[in-house]
Amino acid sequence: MHRSTLGFVFAIALLTLPLLSVSPAAAQPDPSNVEVKAHPVADGIWMLTGAGGNIGVCAGEDGVFLIDDQYAPLTDKILAAVKTLSDGPVRFVFNTHWHGDHTGGNENLGKKGTLIVAHDNVRKRMSSEQFLAAFDLRVPASPEEALPVVTFSDTVTFHLNGQEIHAIHVAPAHTDGDSLVHFAKANVLHMGDIYFNGHRRFDRWLDRWRHRRGGCRPGDDRQQDPGDSRPRAALQQGGVDGLSRHARRPAGGGGQCDRRGQ
């Protein structure tokens with residue numbers, strides 16, 4: 001019996017700014033006022049909340065895989081939270097896009113030997129000064145230690161902790177370097193800033209993900225049973241109701257994104 005468009009959903013990507021989720025360095029949080037919490041999502045997968053973009057964590061015998069790393073002042077608290085989940089090293093951090101609340105911890109982690117991975121355009125943006133018209137803000141180039149050292153143009157797959165972790169570039173989206181990250185076995189999808197709970201329509205990019213992963217075709221509005229083995233979105237914090245309201249809208253609708261591709 002078909003019961004919902006996306007089956008059971010959780011939420012991994014939640015931010016509050018309606019257009020861009022990047023904060024100037026001067027607005028970085030005081031770490032003493034931020035609590036980093038771990039929320040279980042699936043076996044071996046958690047979400048960390050603190051300040052900035054929510055962090056995805058996959059931990060197991062192969063070490064720790066992080067998705068995004070919030071702000072530099074929070075690195076110690078983030079690593080402390082990870083330590084409660086695993087004693088293994090943080091081997092990879094994957095940046096869903098270049099904005100500072102998702103890449104702010106890159107330099108700290110890079111200096112510790114963590115391999116930073118992102119789309120080609122993330123490294124390009126971080127390598128040079130950027131101007132964000134929405135904030136009238138100039139963002140300086142990042143130091144070498146903060147830059148992704150492995151980049152890709154379309155897709156990349158990690159084989160860690162019993163998971164196939166598929167990253168898929170989607171564009172144009174929130175920026176020109178956005179990626180969705182799908183944990184195939186757990187059926188969990190991290191959407192970075194492509195989905196803002198309560199603000200952003202994401203039909204277009206979710207359709208592309210379905211199409212690329214062998215699920216529904218773009219524009220296909222057929223129902224999916226929660227027991228269906230095809231990939232389904234698993235987001236975090238939006239909850240079933242919050243996400244389903246967006247998912248039921250006709251596919252192909254425009255999403256809010258920075259028209260400059262930044």
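These legends accompany an overview and two close-up views of a predicted model.

Local features here need pLDDT of at least 70 and side-chain atom pairs count only at pLDDT 80 or more, while totals for chains, interfaces and linings use all residues. Residues are numbered from 1 along each chain as its sequence is written, and side-chain values use heavy atoms, leaving out hydrogens and water.

View 1. Helices (H or I, at least four residues) and strands (E, at least two) are DSSP runs, numbered from the N terminus. The chain has 262 residues, and 53% of them count as buried (under 20% relative accessible area, 1.4 Å probe, protein chains only; exposed is over 50%, partly exposed in between). Take the contacts (heavy atoms within 4.5 Å) between residues at least 6 apart in sequence: 66% of them join residues at least 24 apart.

**View 2. Gly-63 and its neighbours.** Here you can find Gly-63 in strand E4, which covers residues 63–67. With a relative accessible area of 4%, Gly-63 is buried. Leaving aside residues up to four places away in sequence, Gly-63 touches Cys-58, Pro-89, Arg-91 and Asn-161. Arg-91 is 28 residues from Gly-63 along the chain, and 6.2 Å separates their C-alpha atoms.

View 3. Val-150 belongs to strand E9, made up of residues 150–152. Its relative accessibility is 34%, so Val-150 counts as partly exposed.
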